[in-house]
Amino acid sequence: MMSPSAARPRRADAERSRTAILDAAIALLAERPGAGMQAIASAAGVTRQTVYAHYASRDALLTAVVDRVTQEAVAAMDAAELDECPAAEALLRLQEIGWQLFRRHPVLAQAGALPMSREDDETRHEPVSARLTRLVERGQEAGEFDPAPSAAWLVAAVTALGHAAGREVAADRMPADEAAAALRSATLRVLGASPGNT
């Protein structure tokens, strides 16, 4: 039986290996969204078997990548001081943060195809949707946004617009800059943003 003191370095090594694989996957998939497990293993400097020891499938690894990028998005949103400006401006700034992350990590376009329960999907989106909900509610209270629809409906609509723009770019049906401009315009329309608030 392994002693606790001997197990600690082994756990630390395993965690370093896991982190190296995830870091390599994020970097490689940003350049080659379709990269396979062998390519990711090579980029991480480990064997393919080691990758599978930590991530049972490519979907499991992609899920970890999406979770890491989501954490990055939330940190960027919190650093943007969104409460310091009008809600419409803040919402577009939040949306731009998400859009820039999508452009840096095109593998996010594959996230919708990952096998997960509705509960897991909602949990993954909750940190971003919570911030978006607060902004929409603030905009409605301030008279910047249409007060008639529920905040939950507006958040769902804005989120769906973001996903639609991402799909158009991922499918090469729309240039990224054009999609970003269309997304901004459609978002303001669906929110019923008051003139002069953006």
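User: Is S17 buried or exposed?
Analyst: Let's start by placing the residue: in this predicted model, S17 sits in helix α1, which covers residues 4-31. Its relative accessibility is 17%, and the cut-off for buried is under 20%. Because 17% falls under that cut-off, S17 counts as buried.

User: Which residues does S17 touch, leaving out those up to four places away in sequence?
Analyst: Good follow-up! A contact here needs heavy atoms within 4.5 Å. With residues up to four places away in sequence set aside, the partners of S17 are V46, T50 and H54.

User: What share of the residues of the protein count as buried?
Analyst: Now we step back from one residue to the whole chain. The protein has 198 residues, and its accessible surface comes to about 11000 Å², with 54% of that belonging to carbon and sulfur atoms. The share of residues that count as buried is 34%.

User: Among contacts between residues at least 6 apart in sequence, what percentage join residues at least 24 apart?
Analyst: Here we look at contacts by how far apart the partners lie along the sequence. Starting from the contacts between residues at least 6 apart, we ask which ones join residues at least 24 apart, and the figure is 67%.

User: How are α7 and α8 oriented to each other?
Analyst: Two packed helices are described by the angle between their axes and the distance between the axes. For α7 (residues 151-170) and α8 (residues 176-191), the axes come within 10 Å and cross at roughly 165°. Angles over 145 degrees count as roughly antiparallel, so α7 and α8 are roughly antiparallel.

User: Which classes of residue make up the contact of α7 with α8?
Analyst: On the α7 side, the residues include W153, L154 and L161, and they meet α8 residues including L183, V190 and L191. Sorted by class, the contact has 13 nonpolar, 2 polar and no charged residues.

User: How many charged residues are in the contact of α4 with α5?
Analyst: Helix α4 (residues 58-79) and helix α5 (residues 87-104) pack at about 145°, with axes 10 Å apart, and their crossing is right-handed. The contact is made by V69, E72, A73, A76 and M77 of α4 with L94, I97, L101 and R104 of α5. Glu and Arg count as charged, and beside 7 nonpolar and no polar residues, the number of charged ones is 2.

Definitions and conventions. Residues numbered from 1 in each chain as written. Predicted model: local features only at pLDDT ≥ 70, side-chain atom pairs only at ≥ 80, totals over all residues. Heavy atoms only, no water. Buried < 20%, exposed > 50% of the residue type's maximum accessible area, 1.4 Å probe, protein only. Areas by Shrake-Rupley, 256 points an atom, 1.4 Å probe, with all protein chains shown as cover. Helix = DSSP H or I, 4+ residues; strand = E, 2+ residues; numbered from the N terminus. Axes fitted to C-alpha atoms, helices over the stretch in contact; angles between N-to-C directions. Parallel < 35°, antiparallel > 145°, perpendicular 65-115°, else oblique. Left-handed = near helix turned anticlockwise from the far one by under 90°.
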